[in-house]
Amino acid sequence: MNGSPDDHMKEDVAQDSAAKLAASEYLLKRAESLQSELQRFADHLTEIYKDYFQHVPTYMHTSFTSELRAEVENLEKVVRDLKSTDPSASHRAQSSNLPFLEPVWETAKRSRDIVRLRCAVSSGPFRKQVLAPGTRIVRTQGESQPFRSGSFIVDVIADGGHSWYKVSSMTNKRVLFDLAKEAIYCGESDDEDDESFTQDYSDIPLLKLARNLAHAARGHRIQTKSPSTFLVLPRINEGEHAEVDKVLEACRKLGVNLLCSDALSPAPPLSDDLLHIIAPSPKANFSEVLNIDTSLLVALASDFSHSEVAKQLWFKHSHNDHADLENEQSMLSLVYPVIGNHRLVCAKEAAETLFHIAATLATDSEKARADLILRSDTGKSQEQRVNELQQLSIHQVPPYLQLPIKIVDMNENNCQDCFTDPVKKKLETVLNPGRSVFSYGWASGLTTMTCNSVVIKQLEKDLEQLPTLGDLSWPSIWAFPTSRPFVGVPKGARDRVRKHIGDCSVVCTCGLDELYGHQSNVAKT
């Protein structure tokens, strides 16, 4: 017996609700899967940028993470409401942003060396080019200030900052509709040339998007060039409609590369190998031999690095700050894992500066460490040096630490001949011994290790002012997030002998040993 119309209607409503619930649960499952992959990406960034001189991992994906979190929360609410028969829930599911977020992530997985996801950059107007996010010498956010002027969202910045990808969910049907609105569809303007097409119909959304992308990129600079631009169109098929193809060609005329559905390979599954492609470790391209800057030489010999330094009355604020920093994290716990068993060299000027500073103000233990890590005329083997350094340190010294550090001429093998006059002029702005250190490392193709991030940032800006570096690769430099100076001895006390008060032949009762016992100018009792 057939049921009543009301029964059929109720059954249809139930089936429709069940279908909407299943569709929403499927969307939620996809969103959670994407969220899981993004978290894995975030964890990978935290690991590879551990101990980098500035905090990189969070800002690389913050915007995308926030958008995805909001999408997951929205879909969770949709599913709850559908189960409670809220009539507005199905509409919210249909307006889901997931069909856009997924191709953004797929674009990221097809990329290399990601800098940012969903990054807001300035859209101008530009009085001059601004530094784009990316890697010049080190990874930085650049100087773009999108919220001071207009802003443009780049969905994926990759290739160390050289490639900008913008994803659009536009379809062939939508482009045809936009053309119809502009009254150039249905047979009109068959003889119109590409230039007039671009000018007359600039309000077509896809063409406007391409123009804004190209304009924003031209206003930015990364390693003396503007980023290359890519418009990713996963829902547009090229070759199906002549009118659509004409719009695509107009986009290309603006200098934008197009990646339509037929040109997009499936995104690879996320794996450890893929993570190291889309986000390689900044340590991955270290040279076999490392060039050591003066700032790191000092840190390797400092009492702050190798001992528990009690704060003294004569300490400056900077001394106290370094004592606090060392208590929070040992400097050598940063340095030893990075330099590993690499062979180590330093420019003669760096070594001379270290010995001059040591002779002027260092404690005896700091002078002894400086000799162990640098002086090659002592006849001591690598093993002996490591053992003696261990006697002067509370931290484990790696047995493979390559000592002594070899002192080299900054123009060894005439390496400086590779620099053009404009590059040499920019290097002259760096004070010695830094100029010798950085120019030698750059000219020799070595990675330079430093604690001086200020100089690196200034050098980046100076080199970006050049029209080109020619065939030169940019310098390879690793900046540690902190430094350690010598503890030294108080000013005005370096040439005077401190004497005990009273009889301190057995135990010091006057407090001299407690305050100044670590210094070399305390009289023996």
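Tutor: Helices (H or I, at least four residues) and strands (E, at least two) are DSSP runs, numbered from the N terminus. The model is predicted, so that local features need pLDDT of at least 70 and side-chain atom pairs count only at pLDDT 80 or more, while totals for chains, interfaces and linings use all residues. Residues are numbered from 1 along each chain as its sequence is written, and side-chain values use heavy atoms, leaving out hydrogens and water.

Let us begin with Asp159, which sits in the loop that runs between strand S5 (151–158) and strand S6 (163–167). Its phi is near 55°, a positive value in a residue other than glycine. Asp159 has a relative accessible area of 32% and therefore counts as partly exposed, the class between buried (under 20%) and exposed (over 50%), with a 1.4 Å probe and protein chains only.

Asn413, which is not a glycine either, also has a positive phi, of about 55°. This residue belongs to the loop between S12 and H17, and because its relative accessible area is 71%, Asn413 is classed as exposed.

In the loop between strand S1 (116–122) and strand S2 (130–131) we find Pro125, and the peptide bond leading from Gly124 to Pro125 is cis, with omega near 5°. Pro433, for its part, lies in the loop that links helix H17 (421–427) to helix H18 (434–444), where the bond joining Asn432 and Pro433 is a cis peptide bond with omega of about 10°.

The last stop is Leu392, placed in the loop between helix H16 (382–391) and strand S12 (406–408). With a relative accessible area of 27%, Leu392 is partly exposed. When residues up to four places away in sequence are not counted, Leu392 touches His306, Ser365, Ala368, Arg369 and Leu372, where contact means heavy atoms within 4.5 Å.
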